[in-house]
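This briefing sets out selected features of the structure shown below.

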Amino acid sequence: MVLRAYTITGMFSYILDLCLRYASGTLVDQGCSVGFTMHHVVALVIMGVTLTIKYLPAAVAMPWSMHAYLITFPQVTLLNYVYLAMVAAAIYQIYQNPFKYMPKYRNLQVIWLLLPTLVVLWFFDCSNHLI
């Protein structure tokens with residue numbers, strides 16, 4: 001239940017962020033903006049899928065938890081690598097038994113789409129600072 005509330009709050013936050021970026025003309029004006037826009041759109045899709053699932057695998061929930069630390073401690077670069085490892089673990093787990101044969105969980109296989117967004121953010125050396 002807590003994760004669902006966190007997910008709905010996150011979805012609202014990402015939608016608001018995308019609307020504000022669009023209104024200010026910064027949705028795709030530079031590399032980092034493109035990366036964050038891609039990341040938020042993909043995350044919205046993944047979050048929408050998670051709301052259809054009653055039980056979320058632990059490895060899939062871990063990146064959600066880690067994301068808060070990335071925002072809170074943007075200067076700690078090591079956290080980016082921990083986050084990447086958690087995303088990789090989530091991708092791995094969702095392609096394993098029994099999840100790969102369960103229709104609702106198979107929908108979570110879109111989680112791999114986070115990887116290209118993280119590559120863009122890494123390539124442009126984007127900061128986790130909110131401002």
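Where is Asp125 found? Asp125 is found in the segment after α6. The model discussed here is predicted. The largest pocket holds about 1,200 Å³ of space, and α2 packs against both α1 and α6.

**Largest pocket**
- The space in the largest pocket amounts to about 1,200 Å³.
- The lining is formed by 40 residues, of which Phe36, His67, Leu70, Leu121 and Asn128 are the closest to the pocket centre.
- Two or more lining residues come from each of α1 (2-24), α2 (31-50), α3 (58-72), α4 (78-94) and α6 (114-123).
- Sorted by class, the lining comprises 25 nonpolar, 12 polar and three charged residues.

**Packing of α1 with α2**
- The angle between α1 and α2 is about 145°, and their axes are 10 Å apart.
- This pair of helices, α1 and α2, has a left-handed crossing.
- On the α1 side, the contact is made by Arg4, Thr7, Gly10, Met11, Tyr14, Ile15, Asp17, Leu18 and Arg21.
- On the α2 side, the residues include Phe36, Val41, Leu44 and Met47, together with His39 and His40.
- Nine nonpolar, eight polar and three charged residues take part in the contact of α1 with α2.

**Packing of α2 with α6**
- For α2 and α6, the packing angle is about 160° and the axes lie 8 Å apart.
- Because angles over 145 degrees count as roughly antiparallel, α2 is roughly antiparallel to α6.
- The crossing of α2 past α6 is left-handed.
- From α2, the contact draws on Gly31, Cys32, Gly35, Phe36, Met38, His39, Val42 and Ile46.
- From α6, Leu114, Pro116, Thr117, Leu118, Val120 and Leu121 contribute.
- The contact of α2 with α6 has 10 nonpolar residues, four polar residues and no charged residues.
- Phe36 takes part in the contact of α2 with α1 and in that of α2 with α6, and is also listed among the residues closest to the centre of the largest pocket.
- Leu121 of α6 meets α2 and is likewise listed among the residues closest to that centre.

**Backbone geometry**
- Most residues other than glycine have a negative phi, and most peptide bonds are trans.
- Asp125 is not a glycine, yet its phi is positive, at about 55°.
- Asn97 and Pro98 are joined by a cis peptide bond with an omega of about -5°.
- Pro98 lies in the loop between α4 and α5 (103-106).

Definitions and conventions: Residues numbered from 1 in each chain as written. Predicted model: local features only at pLDDT ≥ 70, side-chain atom pairs only at ≥ 80, totals over all residues. Heavy atoms only, no water. 1 Å grid on protein atoms, 1.4 Å probe; cavity = no way out; pocket = protein on both sides within 12 Å on 5 of 7 lines; lining within 4 Å. Points joined across faces, edges and corners; volume = space filled by probe spheres on them. Helix = DSSP H or I, 4+ residues; strand = E, 2+ residues; numbered from the N terminus. Nonpolar A, V, L, I, M, F, W, Y, C, P; charged D, E, K, R; others polar. Axes fitted to C-alpha atoms, helices over the stretch in contact; angles between N-to-C directions. Left-handed = near helix turned anticlockwise from the far one by under 90°. Contact = heavy atoms within 4.5 Å. Parallel < 35°, antiparallel > 145°, perpendicular 65-115°, else oblique.
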